[in-house]
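Hi everyone, and thanks for making time this morning. I'd like to walk you through a structure that may be new to you, so please have the view open.

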Amino acid sequence: MIHFTQSCDVIIYLGVHLFKNNRWNRTQKRIASHAASSLHNLFITFNQLDLKTSQKVKLFDSLISPILNYTSCVWGYCSSKEIETIHTKFCRKVLYVKKSTNLNAMYGELGRVPMFIQRKIQMIKYWAKILSKPET
């Protein structure tokens, strides 16, 4: 369903805000905002349960990562500081480290990669899917 706002500055299609300036900054900020509130709820759950780090990572990957990467096959070529911030916030909280901790060391400790790499992979998979479709 397509929803037009009164000023027609934005079109909302499947929950994605498409702005007429053809930039994805505001869309990424909205996605990060939704993910931040979900991450907060996940942290509350972590405080109530005694979970292993690997279980916390699996919960993040199944609950928060889909929010962060929603429709990224379209906008994934853009760098998104807000989305990476949500991911690093999770990693820091799980490892109990300071903001000054090296990102590469943190990713290595958790066996993770930055979110932009996941978005690039999704874009390639989507492009391959488009190319494999018949022309009709």
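Let's start with Ser 38, which sits in helix α1, the run covering residues 25–48. One thing to keep in mind as you look: this is a predicted model. How exposed is Ser 38? Its relative accessibility is 24%, so Ser 38 counts as partly exposed, since that class lies between the 20% limit for buried and the 50% limit for exposed.

Which residues does Ser 38 touch, once we leave out those up to four places away in sequence? They are Ile 64 and Ile 67. Take Ile 67: along the chain it is 29 residues from Ser 38, yet the two C-alpha atoms are separated by 8.8 Å.

Our second stop is helix α5, which takes in residues 81–95. Its 15 residues reach 21 Å from first C-alpha to last, close to the 21 Å expected at 1.5 Å a residue. Several residues of α5 are buried, among them Ile 83, Ile 86, Phe 90 and Val 94. The buried list also includes Glu 84, His 87 and Arg 92.

Last stop: the surface. Here Val 113, Phe 116, Ile 117 and Ile 121 make a nonpolar patch of about 300 Å². Please find Phe 116 in helix α7, residues 115–132. With a relative accessible area of 38%, Phe 116 is partly exposed.

That's the tour, and I'm happy to go back to any stop.

Terms used
Residues are numbered from 1 along each chain as its sequence is written. This is a predicted model: local features need pLDDT of at least 70, side-chain atom pairs count only at pLDDT 80 or more; totals for chains, interfaces and linings use all residues. Side-chain values use heavy atoms; hydrogens and water are left out. Patches are made of residues with over 30% relative accessible area and no salt bridge: like charges are joined within 9 Å, nonpolar side chains (Val, Leu, Ile, Met, Phe, Trp, Tyr) within 5 Å. Accessible areas come from the Shrake-Rupley method with a 1.4 Å probe; for residues, only the protein chains shown count as cover. A salt bridge is a side-chain nitrogen of Lys or Arg within 4 Å of a carboxyl oxygen of Asp or Glu. Helices (H or I, at least four residues) and strands (E, at least two) are DSSP runs, numbered from the N terminus. Buried means under 20% relative accessible area, exposed over 50%, partly exposed in between (1.4 Å probe, protein chains only). Contact means heavy atoms within 4.5 Å. The expected span of a helix is 1.5 Å times one less than its number of residues.
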